[in-house]
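The sequence and the structure are shown first, and a description of selected features follows.

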Amino acid sequence: MANDDVKQTGTVFNIQKYSVHDGPGIRTVVFLKGCPLRCLWCSNPESQHPQPELAYNRQKCLTLDACVRCVEVCAPGAIKRDDDNRVRVDRNICDRCMACADVCPSEAFIVYGKTMSVDKVVSTVEEDGIFYSRSGGGLTLSGGEPMMQPEFALALLREARKRRINTAMETCGYCAPDDLKAACGFLNTLMYDLKVMDPEKHRQVTGQSNKLILENLEMVAAEFPGLPIRVRTPIIPGINDSPEEVRRIMDFIRDMPNVKYEMLHYHRLGKPKYEYLGHTFPMGDRTLPDKAMIELNQVLHSEYAHLAVEKAK
């Protein structure tokens, strides 16, 4: 199987180098396409669908006075003239052939997602090996949800282990228990998102119940006692930004000895990508006041100090 791992292919939408927020040390984060959740605040909407997607940044368009290449290659006629002489995409008739992205000189059209082999991905990760050895970093699988491509994700982790690369994975926990268990056998760190504890509220804001997510966390915490697990909560205005919501999460994990806890500040950095994909950002212009995070961190450090993630100095 190990020899076949390098030939395994999957769909990757980004490889981000020199990350210091996705596991210990300096890391290379490999983002896999596909996610079973539809979180209202998702900052990577391009990760959600498992197949490659066409994105269009109209600000980069050279206008039809300077370039008509995309119009000429669009067989179904989905690319139209807009009011400002730039183009727009009629996604109702677009057949996602991606020909417009192939010919666009300004990269106004881009494709989120491409097929890559395990060997290509891990070789790209190895390019920064000097940073891993000095910082304790390595490869982090993210998404989307890596377990939406379980065979590819497991092949990546096995090959990374074979090449002595430290491994971490970010997961929403909504996946087959056997797939998650198999992945944990090749991980040095697991980062696990918990959004809210109430199953119905979780369904309302993500599209799915959290029953499987909670069961999977209990399973990996019990069956992998030597695996460091970092439970993380993105703090979202109007959804889980109260001490009561966060206390419920911390009470759930407080007796798991290999678990630490971290809260992530809400941001809207992914908002433009919704427009590029032809979608509307569900959270609108909502923001999270700094004082809300200060209050929640006070709760964490005063009532659950043993759970708090130690920040790098």
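## Packing, ring pairs and salt bridges

The buried residues of helix α7 have a cover that includes α6 (150-162), β9 (167-171), β10 (189-193) and α9 (211-223). The structure is a predicted model, in which local features need pLDDT of at least 70 and side-chain atom pairs count only at pLDDT 80 or more, while totals for chains, interfaces and linings use all residues. Residues are numbered from 1 along each chain as its sequence is written, and side-chain values use heavy atoms, with hydrogens and water left out.

Helices (H or I, at least four residues) and strands (E, at least two) are DSSP runs, numbered from the N terminus. A residue is buried under 20% relative accessible area, exposed over 50% and partly exposed in between (1.4 Å probe, protein chains only). In helix α7 (residues 177-184), the buried residues are Leu180, Ala183 and Cys184. These buried residues line one face of the helix, because they fall within an arc of 100° when seen down the axis of α7; the arc is that of the directions from the helix axis to the C-beta atoms.

Leu32 belongs to strand β2 (residues 27-32) and is buried, its relative accessible area being 0%. Apart from residues up to four places away in sequence, Leu32 touches several others, among them Thr11, Phe13, Glu145 and Leu156, where contact means heavy atoms within 4.5 Å. From C-alpha to C-alpha, Leu32 and Pro50 are 8.5 Å apart in space and 18 residues apart in sequence.

A pair of aromatic rings is described by the distance of the centres and the angle of the planes. Rings of Phe, Tyr and Trp (its six-membered ring) pair if their centres lie within 6.5 Å; planes under 30 degrees apart count as stacked, over 60 as edge-to-face and the rest as tilted. The whole structure holds four aromatic pairs. One of these is the edge-to-face pair of Tyr18 and Phe131, with 5.4 Å from centre to centre and 80° between the planes. Tyr18 lies in strand β1 (residues 9-19) and Phe131 in helix α5, so this pair ties together parts that are 113 residues apart in sequence. Phe131 is partly exposed, at 34% relative accessibility. The pair of Tyr56 and Phe109 is stacked, because the ring centres are 4.7 Å apart and the planes stand at 25°. Tyr56 in strand β3 (residues 53-56) and Phe109 in strand β6 (residues 109-112) are 53 residues apart. Tyr56 is buried at 9% relative accessibility, and Phe109 is buried at 3%.

A salt bridge is a side-chain nitrogen of Lys or Arg within 4 Å of a carboxyl oxygen of Asp or Glu. By this rule the structure has 23 salt bridges, including those in the table.

| Salt bridge | N to O distance |
|---|---|
| Glu127 and Lys17 | 2.6 Å |
| Glu245 and Lys201 | 2.7 Å |
| Arg254 and Asp251 | 3.0 Å |

Glu245 is buried at 15%, and Lys201 is partly exposed at 22%. Arg254 is partly exposed at 34%, as is Asp251 at 39%.
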